[in-house]
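The following note is intended for a colleague who is opening this structure for the first time. Please read its points beside the sequence and the model.

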Amino acid sequence: MSTTLRSLGTRLRTNWQDPLIRRNVGLLFLGKAIGLFLVLSLMTRWFLPALLDAQAAAPAPTSAPDPMASVNAINTVWTLVAAFLVFCMQVGFVMLEAGFARSRESVNILVEGIADTCICGVTFWLWGFAFMFEPGTPWIGTTGFALQGLAPTYGATGVPLLAFWVFQFAFADTCSTITSGAMIGRCGFVGDLLYSVGVTGFIYPIIGHWAWGPDGWLAVMTPISFHDFAGSTVVHTIGGTISLAGAIALGPRLGRVFKRDGGGPMPAHDLIIGAAGGLILWFGWYGFNPGSTLSALDTAGIGRVSFNTTLAACSAGLTALFYSYIRTKKWDLALTTNGFLAGLVAITCPCYWVDPVGAFFIGIGAGIVVVWGIDALEYLRVDDPIGAVPVHMVAGIWGTLSLGLFAAGKYGAPTPTGQDVSTVVTGLFYGGGLSTLKAQFIGSASITVATFASAMALMYAVKATGTLRVSPEGELEGLDLHEHGSSAYPEYMISGSESVILSVADTSKAA
Amino acid sequence: MKLISCIIRPDRLPPVKEALFRAGVTGITITKVSGHGGERDMVTVRRGSRLLLEFREKIKIEMACSEPFVEATINAIVAAARTGSVGDGKIFVQPLDRVVRIRTGERDNAALTPVTAEIVQKHALELAGKS
């Protein structure tokens, strides 16, 4: 014991004589002192007064009505579990995108996914939620910035506001991560940060307000309002359309030759990660669709939604699988993965209002349109490395319109304690005429066009700053090394020694 | 007979391959290699520490050629692999004593021409004519 202490003392003494160590330790402690000072001053400025107020107000009368009395516990838990499942889709997205990209841009995809999530959380708290879900005009919400001055539960759902926020944050985050899908491999990181703020802070919440806001113009449209149960249009078409605008603004990756020029897509670097990510997305979708009831007490509803989600994914995956076999005589993994994802995207809008037969055919349609979408992009020479545009935009449009065809005419809307069938949604094939289809068409077309126009403006604005696309050298070197200075698989890179750590002075000459 | 090996940038591999096929050189062996030439060291960053990556990734192509093909091969590689900046790579030409094709036991020049050479070259020329 004493020898250990003595050797420790000796080491400290020798180290202390090294001027470099002395300077670094000094800097370290100076930094800590500054940080501590800032935290303490912030606490005294805001936290302490609040604490004192709380103590002073502690013996307040308890006879006041409990503001949380309208909260429904089981619905809250259901919504939160669904929110966590939807958040788990982030894992699926980064895996799918990284797997289907080349290895030299994997780190970039991971950092983008994480940064998008963080940006989305902050902007959605500060103003995104207010724009999207609070009353205002038919075009944009205008109250409740930073969630100030809002009721303890959201609307008549019986779900606490903050729980509802978490659920909707996960949705907004999904939209923002879809966006990066068609832009990977050549989009600069600063450009990504800039357009992410535009997407999660403005395009998604403002256009989403039209369909999901309490007074959005599509939500209150007469005689039949636009229906989008869990977001085929609001989340997926918006995300996919922004992605398309980004891919157009960026142009294809260097060396990408399109099918009509005698080339083909660049190979995926890890299909295992890609396919596993696709299946994790499928799993997360069980929060996305059934959770959108916001009500576990609509038991028939959540069962039906889960069932329809499953069936549509299966039929879409099978369709894409056989379609790919007919075309190429090979059972294509990447196309099948895109196929079942397209089925999930398509069933997201109609999942509450269709019966099993409808879900089955919606899935088949999705499996076909996703292949056509991939072909169309290839023909138009738009480089979409993972198929974000066919899967999310094209299948999203198909799913939204399909409600007008397949709505069974038996289901209305979920309520906090059950279901409300006073007004049902009926599609063309179930004798409902064209009115639902017309409403769906108006909603899908207006949102797609508005999103595409605003996204093109946003992408070209970011492009004008010169940060949207990296330099050709950086792109050939790979975004991982160029933007982030590290490779996703460092052990496969041969280095001279284990690691040569540069001190601050060395970096100027080697950087 | 010569053994030609060259070190090129990884992103120049597709054009070099095309140029070699057009020149009629269709028997090539490719390796991923790392090495050090005249270019600047690259710095990587991991959890805030800056690490020096001393070696750059390169592609090494080896091909055995009969004498009439040697100059054509060298010209094809130089034309396709040159970018003009440091790090474009090098070509090494060595004499080759003996070549044996294992399948037939053919020796030397007879063993050098891949059986599909003409088809591959014709296809490459067609592609080049198209673009």
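1. Helices and strands are DSSP runs numbered from the N terminus, a helix being H or I over at least four residues and a strand being E over at least two. The model is predicted: local features need pLDDT of at least 70, side-chain atom pairs count only at pLDDT 80 or more, and totals for chains, interfaces and linings use all residues. Residues are numbered from 1 along each chain as its sequence is written, while chains are lettered from A and ligands numbered from 1 in the order in which they are written.

2. Helix α9 of chain A covers residues 299–328. The expected span of a helix is 1.5 Å times one less than its number of residues. For the 30 residues of α9(A) this gives 44 Å, and the end C-alpha atoms are 44 Å apart, so the two values agree.

3. After α9(A) comes A:Lys329, which is placed in the loop between α9 and α10 (333–348) of chain A. Most residues other than glycine have a negative phi, and most peptide bonds are trans. The phi of A:Lys329, however, is positive, near 65 degrees. A residue is buried if 20 or more other C-beta atoms, placed from the backbone, lie within 10 Å of its own, exposed if 12 or fewer, and partly exposed in between. A:Lys329 counts as exposed because it has 7 C-beta neighbours inside 10 Å.

4. Helices α6 (residues 189–212) and α7 (residues 232–250) of chain A pack at about 140 degrees, with their axes 10 Å apart. Axes are lines fitted to C-alpha atoms, for helices over the stretch in contact, and angles run from 0 to 180 degrees between N-to-C directions. Angles under 35 degrees count as roughly parallel, over 145 as roughly antiparallel, 65 to 115 as roughly perpendicular and the rest as oblique. The pair α6(A) and α7(A) is therefore oblique.

5. The loop between α6 and α7 of chain A holds A:Pro223. A cis peptide bond, with omega about 0 degrees, joins A:Thr222 to A:Pro223.

6. Chain B has four helices and six strands, in the sequence order β-α-β-β-β-β-α-β-α-α. Its C-alpha atoms fill a box of roughly 55 × 40 × 25 Å along the principal axes. Of the 131 residues in chain B, 23% are buried.

7. How do α1 (residues 13–22) and α2 (residues 67–81) of chain B cross, and at roughly what angle? Their axes come within 8 Å and cross at roughly 150 degrees, which makes α1(B) roughly antiparallel to α2(B). Two residues are in contact if their C-beta atoms, placed from the backbone, lie within 7 Å. Among the residues making this contact are B:Val16 and B:Leu20 of α1(B) and B:Ile77 of α2(B).

8. B:Asp108 lies in helix α3 of chain B and has a positive phi of about 45 degrees, although it is not a glycine. B:Asp108 is partly exposed because 14 other C-beta atoms lie within 10 Å.

9. B:Thr113 lies in the loop between α3 (108–112) and α4 (117–130) of chain B. With 18 C-beta neighbours inside 10 Å, B:Thr113 counts as partly exposed. B:Thr113 and B:Cys65 are 48 residues apart along the chain, and their C-alpha atoms are separated by 8.4 Å.
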